[in-house]
Amino acid sequence: MTSTEQSSSTDRTDRVFAIAVTLKGIDGGLQFLGALLLMVIPPTLITGVASTIITRDLLGDPNGTLSTHLAAAADHFANGSTRWFAILYLLAHGIIKLVLVWALLKHVLWMFPVSVLVLTGFVVYEVWRAINTHSIALPIFAALDLVIITLVIREYRKLRKEHSRAA
């Protein structure tokens, strides 16, 4: 591979990293705003929307798998600890992501391993919680976090090489 090809590959990797981390930041911001929104939305609104979706057959058979899952999730949200879990999870996840994204985009080198550890912790928790709650969304979040972890490790290695060459 020529130095021009390596440079082009590095530029592409840098762009993918910047885009992925920026998307993670947007995700973190949306999670933070979602937590604030869940704090002010009455739980009865959630169950009412779920009931409307189910009774209008928007998910198919009202006794089908999707409808049953939505009804159970809305009920757990309104009457159980799920609401406060969701609020605290989204708030913590959002704030942590925003801090990590800022540090990664500013190339704060020591934050790269911290980011990998924190995101790995989120993946482990997301998988554990998905297994215990049968969540559909959490495995998707875990997979996205794994992609980000891979990109963070790759960028960290590249930056360390650049720093050692400059030194």
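Is His134 buried or exposed? His134 is exposed, with a relative accessible area of 60%. The structure discussed here is a predicted model.

- The structure contains five salt bridges.
- Side chains of opposite charge can pair when their charged atoms come close.
- One of the salt bridges is formed by Lys158 and Asp14, whose closest N and O atoms are 2.8 Å apart. Because Lys158 belongs to helix H6 and Asp14 to helix H1, this pair ties together parts that are 144 residues apart in sequence.
- Another salt bridge joins Asp145 and Lys24, with 2.1 Å between the closest N and O atoms. This pair likewise links distant parts of the chain, since Asp145 is in helix H6 and Lys24 is in helix H1, 121 residues apart.
- Asp145 and Lys24 are both buried.

- Glu155 and Lys158 meet through their side chains in a salt bridge, at 3.6 Å from N to O.
- These two residues stand three residues apart in helix H6, so about one helical turn separates Glu155 from Lys158.
- An α-helix has 3.6 residues a turn, so residues three or four places apart point the same way.
- Glu155 and Lys158 are both buried. Through salt bridges that share partners, Asp14, Glu155, Lys158 and Glu162 are joined into one network.

**Helix H5**

- The buried residues of H5 include Met111, Phe112, Val116, Leu119, Phe122 and Val123.
- Also among the buried residues of H5 are Ser115, Glu126, Arg129 and Ala130.

- Most residues other than glycine have a negative phi, and most peptide bonds are trans.
- His107 has a positive phi of about 55° although it is not a glycine. His107 is located in the loop between helix H4 (82–105) and H5, and at 38% relative accessibility it counts as partly exposed.
- His134, which comes just after H5, takes a positive phi of about 60°. This residue is not a glycine either.
- His134 is placed in the loop between H5 and H6, and its relative accessible area of 60% makes it exposed.

**Positive charge on the surface**

- A patch of positive charge on the surface is made up of Arg157, Arg160, Lys161 and Arg165.
- Arg165 is part of helix H6, which covers residues 137–166. With 66% relative accessibility, Arg165 counts as exposed.

**Phe32 in helix H1**

- Phe32 belongs to helix H1, which covers residues 3–40.
- With a relative accessible area of 27%, Phe32 is partly exposed.
- Phe32 and Leu88 are 56 residues apart along the chain, and their C-alpha atoms are separated by 9.6 Å.

Key:
Residues are numbered from 1 along each chain as its sequence is written. This is a predicted model: local features need pLDDT of at least 70, side-chain atom pairs count only at pLDDT 80 or more; totals for chains, interfaces and linings use all residues. Side-chain values use heavy atoms; hydrogens and water are left out. Buried means under 20% relative accessible area, exposed over 50%, partly exposed in between (1.4 Å probe, protein chains only). Helices (H or I, at least four residues) and strands (E, at least two) are DSSP runs, numbered from the N terminus. Patches are made of residues with over 30% relative accessible area and no salt bridge: like charges are joined within 9 Å, nonpolar side chains (Val, Leu, Ile, Met, Phe, Trp, Tyr) within 5 Å. Accessible areas come from the Shrake-Rupley method with a 1.4 Å probe; for residues, only the protein chains shown count as cover. A salt bridge is a side-chain nitrogen of Lys or Arg within 4 Å of a carboxyl oxygen of Asp or Glu. Lys and Arg count as positive and Asp and Glu as negative; His and the chain ends are not counted. The place of a charge is taken as NZ of Lys, CZ of Arg, CG of Asp or CD of Glu.
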